[in-house]
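Here are a few notes to read with the model open in your viewer.

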Amino acid sequence: MTYGRYLALDDLLAAQHPRSDRHDELLFIIIHQTKELWLKQILAELRLAKALVRDGKLIEAYKGLARISRIQAVMTLSWDVLATMTPSDYTRFRQVLGPSSGFQSDQFRAVETMLGLRGGGVPGPLTTAAAAEPSLWDDANAAMAAAGFPLPAEALARDWPQPYAPSEAVRAAWAEVYRDPTRHWDLYQLAEKLVDIDDALATWRHKHVLTVSRVIGGKPGTGGTAGVSYLESTLAKRAFPELWSLRTDL
Ligand code: HEM
């Protein structure tokens, strides 16, 4: 075994194929590829964390959930690298992308779906498989019910692929946890790990839209949306909506 063979570097480093002779296209490709690698790691962490939460092993799940929000922070930081690519640099090769766009990232959509955001974008095979299962938010609510909180049946046995509708009973139950953290420390800690992930996802979205407006202004996206205005419409998405709304009740 060697370093190069273990990491399949021949394959990895042969996987960048700029379609123009513009210097910045390599950066554009590498930023997107590293994002897909990090998404792969996030999906692996989510699979493990979901199984642990479903088994009631909340403390064991914290480590992976914390790792996810740290990876998200790295992904957000990489916007600053991409922002060194000016509109003048990007417009010189943008046409080679054709209709391709991050909009079509199956791994990104699968992460959203596993967290609890369903029904958006272009569902690829990973997303479709994830949508057939309860989300992390469904798993967390099942853990609440197992801890004795009275949650309505419709919050626990949904039609999984359908978008999640926030519930007053779920909000009230989690508000109870926040009112008395010492009594429900494991659920309280779980909730804060989930808020960290939602917070980091929203921060990533904000930095994406800022970078996009810096690079393409008001032009439409290559994926067929209106561009910045579409991305702004995604900023309010929350995978764990009641964990945000309950803060008003405290
Ligand atoms: C100059 C660089 C970039 C521009 C101008 C840009 C622009 C856009 C636009 C306009 C959209 C909306 C869909 C469309 O019409 O295409 C979009 C979606 C998206 N982009 Fe980017 N993007 C850039 C870089 C990136 C990078 C580096 C990533 C990954 C790290 C990324 C990931 C995504 C994702 C995941 C979506 C779907 C978002 C959603 O539907 O919630 N983009 N991008």
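The points below go through a cavity, a pocket, a surface patch and one backbone angle.

1. Before anything else, keep in mind that this is a predicted model. The values here are computed from it.

2. Start with the inside. The structure holds one cavity of 30 Å³ or more, and the largest cavity has about 80 Å³ of space in it. If you want to find it on screen, pick out Leu39, Ile42, Gln72, Met75, Phe108, Val111, Ala200, Leu201 and Trp204, which line it.

3. Which helices build that lining? At least two residues each come from α3 (24-54), α4 (58-82), α6 (106-115) and α11 (185-216). Helix α11 has the largest share of the lining, with three residues.

4. What sort of side chains face the cavity, going by class? Eight of the lining residues are nonpolar, one is polar and none is charged.

5. Now for the second largest pocket, with about 190 Å³ of space. Its lining is made up of Leu43, Arg47, Lys50, Arg54, Ala110, Met114, Leu126, Ala129, Ala130, Glu133 and Pro134. Helices α3, α6 and α7 (125-131) each put in at least two of the lining residues, and α3 gives the most, with four.

6. The make-up of this pocket is worth a look as well. By class, its lining has seven nonpolar residues, no polar ones and four charged ones.

7. Next, go to the start of the chain. Met1, Tyr3, Tyr6 and Leu7 make a nonpolar surface patch of about 590 Å². One of these, Tyr3, sits in helix α1 (residues 3-6). Is Tyr3 buried or exposed? Tyr3 counts as exposed because its relative accessibility is 64%, and the cut-off for exposed is over 50%.

8. Last, a backbone detail at Ala8. This residue lies in the loop between α1 and α2 (9-13). Most residues other than glycine have a negative phi. As for cover, Ala8 counts as partly exposed, because its relative accessibility is 35%; the partly exposed class lies between the buried limit of under 20% and the exposed limit of over 50%.

Technical notes. Residues numbered from 1 in each chain as written. Predicted model: local features only at pLDDT ≥ 70, side-chain atom pairs only at ≥ 80, totals over all residues. Heavy atoms only, no water. 1 Å grid on protein atoms, 1.4 Å probe; cavity = no way out; pocket = protein on both sides within 12 Å on 5 of 7 lines; lining within 4 Å. Points joined across faces, edges and corners; volume = space filled by probe spheres on them. Nonpolar A, V, L, I, M, F, W, Y, C, P; charged D, E, K, R; others polar. Patch = residues over 30% accessible without salt bridge, like charges linked within 9 Å, V, L, I, M, F, W, Y side chains within 5 Å. Areas by Shrake-Rupley, 256 points an atom, 1.4 Å probe, with all protein chains shown as cover. Salt bridge = Lys/Arg side-chain N within 4 Å of Asp/Glu carboxyl O. Buried < 20%, exposed > 50% of the residue type's maximum accessible area, 1.4 Å probe, protein only.
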